[in-house]
Amino acid sequence: MGTMAERRRNSLPFLLLSAIVHFAAAATATANSGFFGPFNVSYDHRALIIDGKRRMLNSAGIHYPRATPEMWPDLIAKSKEGGADVIQTYVFWSGHEPVRGQYYFEGSYDIVKFVKLVGSSGMYLHLRIGPYVCAEWNFGGFPVWLRDIPGIEFRTDNVLFKDEMERFVRRIVDLMREEMLFSWQGGPIIMLQVENEYGNIESSYGQRGKNYVKWAARMAIELGARVPWVMCQQNDAPETIINACNGYYCDGFKPNSHGKPTLWTEDWDGWYASWGGRLPHRPAEDLAFAVARFFERGGSFQNYYMYFGGTNFGRTSGGPFYVTSYDYDAPLDEYGLLSQPKWGHLKDLHAAIKLCEVALVASDSAQYLKLGPKQEAHVYQGNNHIEGHNLTRYIGQGVCSAFLANIDEHRSATVHFLGQAYILPPWSVSILPDCRNVVFNTAKVAAQTSIKSTANELPLNFIVSGEKIKKSSGTSYFGKSWMWSQEPIGVWSPTNFTVEGILEHLNVTKDLSDYLWHFTRIYVSEDDIAFWKEKDMRPTVSIDSIRDVLRVFVNGQSAGSTYGHWVKAVQPVDLLQGYNDLVLLSQTVGLQNYGAFFEKDGAGFRGKVKLTGFKDGDIDLAKSSWTYQVGLRGEFLKIYTTEDNEKAEWTYLTQDNVPSTFSWYKTYFDSPDGTDPVAIDLGSMGKGQAWVNGHHIGRYWTLVAPKGGCQPTCDYRGPYNSAKCRTNCGKPTQTRYHIPRSWLQGSDNLLVVFEETGGNPFDISIKLHFSEIICGLVSESHYPPVQKWSLPDSVGGRISINDMTPEMHLQCEDGYVIASIEFASYGTPAGGCQNFRKSSCHAPNSSLVVTKACQGRNSCSVRISNAEFDGDPCRGIVKTLAVQAKCISSSEHLSAL
Ligand code: GAL
């Protein structure tokens, strides 16, 4: 293999480059796991080359531990149905090696099972080993014990770190190889990743950072996985590694060497949320625009981060302050239901890109045509020699696909392309798989909208002796009484220890718990009391900097709390004459997962820790003797498990006697019937953690988002950022928490809630999550369903379709049918889903037509044409069909008949 310079001198076409960077299957590759025949993966400057063919690939990001193994098959199937070719996941080191040297690959961490499921669905897999992953995951995916290795420095040229990193990456590669999961073994893995966005922070590490990048690349390649490796956000990635792009848009991105394809490892299709934050949404039109622009401008692999975000179960959420839900506004919502119209619009987009694949891979680069001030076309033509020639001559002589873009944020534009006029909505791309017919425009959404509802809002204390409550949805359950147990404030076990001074939080807890109690005694003299009276003041606990939460207790009573990310804490307290018990409770809410040197961030307190306002001056608490206690008693006794919950003393709760802080509550509930995803509504509670049958469903915190900063409507046009289309202002960021169905049994499910600040467990309820209202809005100016076009024949490049009529497609979730059509108007209806209105142009039989086609069905299609509605309700005007339908479960529908 020659150097890059030598290769350039050879200046042969891309075929040679692809031969140089190939990862040929060894002749020795024997058996395979049977998903595919063994195949090679290599690449050239244009694309990944899979089994000898360049491919245009769409990938769905799904992190296996953010779901349960029982959910995986459905998530993978929905990704495939949505048009993804690849599933992408990180590997979560902290989950796989919770204790150094002790590996765990079971349950939600059964990565082998996950990869095999991907393979058996006929999809490929991109495995991002990292092992630093960021991902809003606790400590960025690093096991917390890593920071305890003396002398270790993360993500730099540090031999201790490199040894640990290499050991884990090797372990994963070996595991995948043993399980025959690489492409050349017939498995689904086509690509790997080492590190993650190191380029963003590399400069902080100087020369050692550069050395580390080179080392990581060499280490990865030498593991002999024989599929390509990527580094994302790594402009100085060595020649052996493909540097890839992450972002909301990556269409301007070019890899750092001509021999590498343009890959987009993270297409941020939404964003994560923080406690007390608003909920970000990325509009489907803009997302489709970004993806279309990427393929238009030479991209060949694009991954949705996330396609399914899921849930940060347990204490896996990263920080600062990331919520338990990792919904991400992804095409599949936190519960695995389709998020519409996003999922459907992208499905159409993927189908359109697939129609172009033959032409896209046949060309080494696009022909660029300027069509207007902010309008342009990129044309991909099988014949490589179009440059400098009249394009029209070549149409029909080989495959040809084109993208027409209008990057004007405000205005539509009419453009002329190869002798035809095309109208392009603002901020949109039209896709022409045959350089003639538009099959898709990113701003024209034909996919339905679904509105999620929650049903079965029975509080858990709803006791009816002997009889279950029948709800309208046909589901039934009842809860039993609530019981309560007190968590002690401060020291609770002989595991406590006493030292002088303030210890770093994580050094003590090892992150086995969020909670670290600090206990000391303060002597207050008569003179101090007199001094405070005279000055009308209170002494104050003052800490220069804390994260994430500090609670102060004096003589067993709460004095107050502070939360934030390294903020100053100033807490006035009431002290009595004589000895006072002072307890400082430091809490983490997800460890830091991003930034240079983040392992040095630690937690707890920084700087001076003082009691101010005493007559003789401040008391330096860093010189006091402190007794430390890690965690909660209930946590360590595991009173949230069915086996051990009796280790606590439980008493019955009554409505008028709910204890407020530091309380454990438990009850039992029956599982709701059916298969709808289940959530628990903890909106009546304050802050804490919850478990169901011993499974930790996550932290909860009913922190309210600011009142302002949400947009009443979301305009898809123009560059997206995470502040652009937010909802949920003035409301708690999260109140509903997912309980995976597989964690439930029919009846007597143990629910245990640990509450820190006070709340009312009697208002906790179990809710079902489903799409109740679905809406469609399709007009005559929409394109016919993309799926109706035939694949282009590779000789003539022609695509065909029999019927150019646009259609509205409506579908309820599996197990649901359309019960009623709540609104239908063919004409010029106004408004949007949930507030459609008829206008003067309205076909009187609209409702009848739609009801006939849809009622009682899981899915239906209605053609958008006058013929369908017995004539034209208003001549010369573009007609639109608007429909709002209600889905109910099939069983409920049957029993209503
Ligand atoms: C990227 C990172 C991902 C994730 C994302 C934000 O920078 O690579 O792991 O953290 O940001 O969701």
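Strand 1 and strand 2 (residues 48–50) run antiparallel and are joined by three bridges. Two strands count as paired when DSSP finds at least two bridges between them. Strands themselves are DSSP runs of E with at least two residues, while helices are runs of H or I with at least four, and both are numbered from the N terminus. Look at Ser 42 and you'll find that its bridge partner in strand 2 is Ile 49.

## What you're looking at

This is a predicted model, where local features need pLDDT of at least 70 and side-chain atom pairs count only at pLDDT 80 or more, though totals for chains, interfaces and linings use all residues. Residues are numbered from 1 along each chain as its sequence is written, and side-chain values use heavy atoms, with hydrogens and water left out.

## A covered strand

Now for strand 5 (residues 86–90), where five of the five residues are buried, meaning under 20% relative accessible area with a 1.4 Å probe and protein chains only (over 50% is exposed, in between is partly exposed). Val 86, Gln 88 and Tyr 90 are buried on one side of the strand, and Ile 87 and Thr 89 on the other.

Strand 5 runs parallel to strand 4 (residues 57–62), and three bridges join them. Opposite Gln 88 of strand 5 stands Gly 61.

Asn 246 sits in strand 9 (residues 242–247). Asn 246 is buried too, with a relative accessible area of 6%.

Its side chain makes a polar contact of 2.8 Å with the side chain of Glu 197. Such a contact is a pair of N or O atoms within 3.5 Å; within protein, one must be able to donate a hydrogen and the other to accept it, and residues adjacent in sequence count only if both atoms are side-chain atoms. The Asn 246 side chain also reaches the backbone nitrogen of Glu 266, at 3.2 Å.

## Pockets and cavities

Rolling a probe the size of a water molecule over the atoms shows where empty space is left. On a 1 Å grid over the protein atoms alone, a cavity is a set of points where a 1.4 Å probe fits but cannot get out; a pocket is an open set with protein on both sides within 12 Å along at least five of seven lines, and lining residues have an atom within 4 Å of a point. Grid points are joined across faces, edges and corners, and a volume is the space filled by probe spheres set on the points.

The second largest pocket has a volume of about 1,400 Å³. Of its 38 lining residues, Pro 98, Tyr 109, Gly 314, Arg 315 and Thr 316 lie nearest the centre. There are two cavities of 30 Å³ or more. The largest holds about 40 Å³, and helix 9 (residues 342–362) gives the largest share of its lining, four residues. The second largest cavity has a volume of about 30 Å³, and its lining includes Phe 139 and Arg 547.
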